[in-house]
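Dear colleague,

Please find below the sequence and structure that I am handing over to you. My notes on what was found follow directly after.

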Amino acid sequence: MSLVVFGAPLSPFVRKVRLFCAEKGLDYQLENVNPFNQPDWYRELNPLRRVPAIRDGDFTLADSSVICHYLEDRDPQRTALCGETPQAKARIRWLEKYADYEVAPLATFTVFRNRLLKPLMGKPCDEDAVKGAMQEKLPEHFDYLEKCLAANDYFIDNRFSLADIAIASQLVNMGHGGEKLDTQRWPALAAHFERIASRPTLAAILEGEQQIIAKILAKR
Ligand SMILES: N[C@@H](CCC(=O)N[C@@H](CS)C(=O)NCC(=O)O)C(=O)O
């Protein structure tokens, strides 16, 4: 198999690339790289030492966003997930950035990291940080995303895209950290998350993730 995705399955950025590949019908092999204990050779793939990276034949690339846009350009005959008009492409990039740089620091690097990763590394969970993220910081982002969705099923032009993948990927980590969207306060966003999570592509990925989480929790 020529396409290899390097990274850890619980990373939202790795999940983004895996879901993108699955939705495009691209076969890939996942090679596990622990972001917190990487082999030396991984520096060749990403000098920033973050996951994911890919190898596609002789070609290597890092960063989930760069990878997804490369895969879109590589196989233009496959289902378009990055938009088809300049406006749709730009809006999808905007929401992808919003997910990666505004939602991720809270949903993943605060809620998920404190509740799941820190205890795994023998460190205490900072519940005040989790509370601050859930009660003070994330609500304004959820308000904005709720407004973006309005009455639509998908974020951009009401068509499934990388924007939906990127937002849902971060919310998966929030869920792994034991937190859910308030369905009364953000009904459209909560329904959107359920819609994306129940796609067969993501459901299959999440099944594997739940097994990993069960093993982590069993070790505690
Ligand atoms: N912008 C990057 C972010 C990747 C990222 O932050 N990955 C985390 C795991 S979720 C990582 O590798 N962290 C290790 C580190 O920062 O040293 C992308 O989209 O690929």
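Helix α1 (residues 12-24) and helix α3 (residues 64-74) have axes that come within 9 Å and cross at roughly 10 degrees. Angles under 35 degrees count as roughly parallel, and α1 and α3 are therefore roughly parallel to each other. On the α1 side, F13, K16, V17, F20, C21 and K24 take part, and they meet S64, S65, I67, C68, L71 and E72 of α3. Please bear in mind that this is a predicted model.

A second pair of helices is arranged in another way. The axes of α5 (residues 127-149) and α7 (residues 187-197) come within 8 Å, with a crossing angle of roughly 80 degrees. Since angles from 65 to 115 degrees count as roughly perpendicular, α5 and α7 are described as roughly perpendicular to each other. F142, L145, E146 and L149 of α5 make this contact with P187, A188, L189 and H192 of α7.

Helix α4 deserves a separate remark. It spans residues 86-120, which is 35 residues, yet its end C-alpha atoms are only 44 Å apart. A straight helix would reach 51 Å at 1.5 Å a residue. Where does α4 bend, and by about how many degrees? The bend is at A104 and amounts to about 65 degrees; a proline, P105, follows within four residues. Just after α4, G122 adopts a positive phi of about 75 degrees.

Turning to the cysteines, a disulfide is a covalent bond between the sulfur atoms of two cysteines. With a cut-off of 2.5 Å between cysteine sulfur atoms, the count of disulfides in this model is zero. For C21, the nearest cysteine sulfur is that of C68, 7.2 Å away, and C21 is in no disulfide. C21 has 0% relative accessibility and counts as buried. C148 is likewise in no disulfide, the nearest cysteine sulfur being that of C82 at 18 Å. C148 also counts as buried, because its relative accessibility is 18% and the limit is under 20%.

Finally, P9 lies in the loop between β1 (3-7) and α1. Is P9 buried or exposed? At 14% relative accessibility, P9 counts as buried. Leaving aside residues up to four places away in sequence, P9 touches V14, R15, R18, L30, N32, E209 and I212. The C-alpha atoms of P9 and L138 are separated by 24 Å, and these two residues are 129 residues apart along the chain.

With kind regards

Note on methods
Residues numbered from 1 in each chain as written. Predicted model: local features only at pLDDT ≥ 70, side-chain atom pairs only at ≥ 80, totals over all residues. Heavy atoms only, no water. Helix = DSSP H or I, 4+ residues; strand = E, 2+ residues; numbered from the N terminus. Expected span 1.5 Å × (residues − 1). Bend = angle between axes of the 7 residues up to and from the residue. Buried < 20%, exposed > 50% of the residue type's maximum accessible area, 1.4 Å probe, protein only. Axes fitted to C-alpha atoms, helices over the stretch in contact; angles between N-to-C directions. Parallel < 35°, antiparallel > 145°, perpendicular 65-115°, else oblique. Contact = heavy atoms within 4.5 Å.
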